[in-house]
Amino acid sequence: YNDQTIVPPSVRIDSLSLDTRATLGMEWTGIDLARAANIRARGASVESQRMTQYAAQRTAAALAAELYVRACAATSLIEDARLSLERRSTQFQAISDLVHSGTRSPVEAERARVEMVSAKYALAIRQNDEKAAFAALAAAMGRPATQPIKPASSSAELPAITADMTAPRAAELAVQHREELAAAAWAVKALRESWSSALLERLPTAGIIGNGFYDYTDLRHGYGIEGAQYN
């Protein structure tokens, strides 16, 4: 609604109109010294996340390998506990025979029986540990723990690994092959680039800014000026 006060004796126009407007803007920055630092910071962040993903995969594989060795060790410990139970049983039987013959004291037979029972419970504990190790190995490999996995080889067949290197060489290999260290290095680089970008953003930039306006007036009542206007 247009009802502007004008200076007499000019004619006053009282009108009601409908205005339609459209605006188009464009901004292009040609020189921005912080742009390169921002790009490098984003690239370093991407590399850090990628290395973090590889580190998670390596950690999962290392956990599965560790549980594999533990499962092999649990099986070996069961064999040892079974041999111990056999020895204790044989010893108890031999002492019992000597007690019946009168050459040994009944106290020694009772002590041998206690050791035999202890070996029996030790074997049961080892068997439970083996079941738990097999279930943990299955969970580490992404399978249900209710479906335990038994290792195909025993601990005696596993290769023996020896390390003979200096501390600097070990640190060098760790940086090259441990993704979590590489991820941390990329994260530090991303922070450095972000810091550089923050400093460079204080400098002025140069570019082009353009704006365009389109107006159209549709007079509905009274007297006035109608039509399109471009700026």
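Q: Before we start, what counts as a strand here, and when do two strands pair?
A: Strands are DSSP runs of E with at least two residues, numbered from the N terminus, and two of them pair if DSSP finds at least two bridges between them. Keep in mind that this is a predicted model, where local features need pLDDT of at least 70 and side-chain atom pairs count only at pLDDT 80 or more, while totals for chains, interfaces and linings use all residues. Residues are numbered from 1 along each chain as its sequence is written, and side-chain values use heavy atoms, leaving out hydrogens and water.

Q: In what order do the strands of the sheet come?
A: In general, strands of a sheet pair through backbone hydrogen bonds, either parallel or antiparallel. Here 3 strands make an open sheet, ordered β1-β2-β3, with antiparallel pairing. β1 (15–31) and β3 (227–230) are at the edges with a single partner strand each, so one side of each has no neighbour in the sheet.

Q: Over how many bridges do β1 and β2 pair?
A: β1 and β2 (residues 206–222) pair over 16 bridges, in the antiparallel sense. For a spot to look at, find Asp19: opposite stands Thr217 in β2.

Q: How do I read an aromatic pair, and how many are there?
A: You describe a pair of aromatic rings by the distance of the centres and the angle of the planes. Rings of Phe, Tyr and Trp (its six-membered ring) pair if their centres lie within 6.5 Å; planes under 30 degrees apart are stacked, over 60 edge-to-face, and the rest tilted. By this rule there is 1 aromatic pair. Tyr214 and Tyr230 form this tilted pair, 5.0 Å centre to centre with 40 degrees between the planes. Tyr214 lies in strand β2 and Tyr230 in strand β3, 16 residues apart.

Conventions:
Helices (H or I, at least four residues) and strands (E, at least two) are DSSP runs, numbered from the N terminus.
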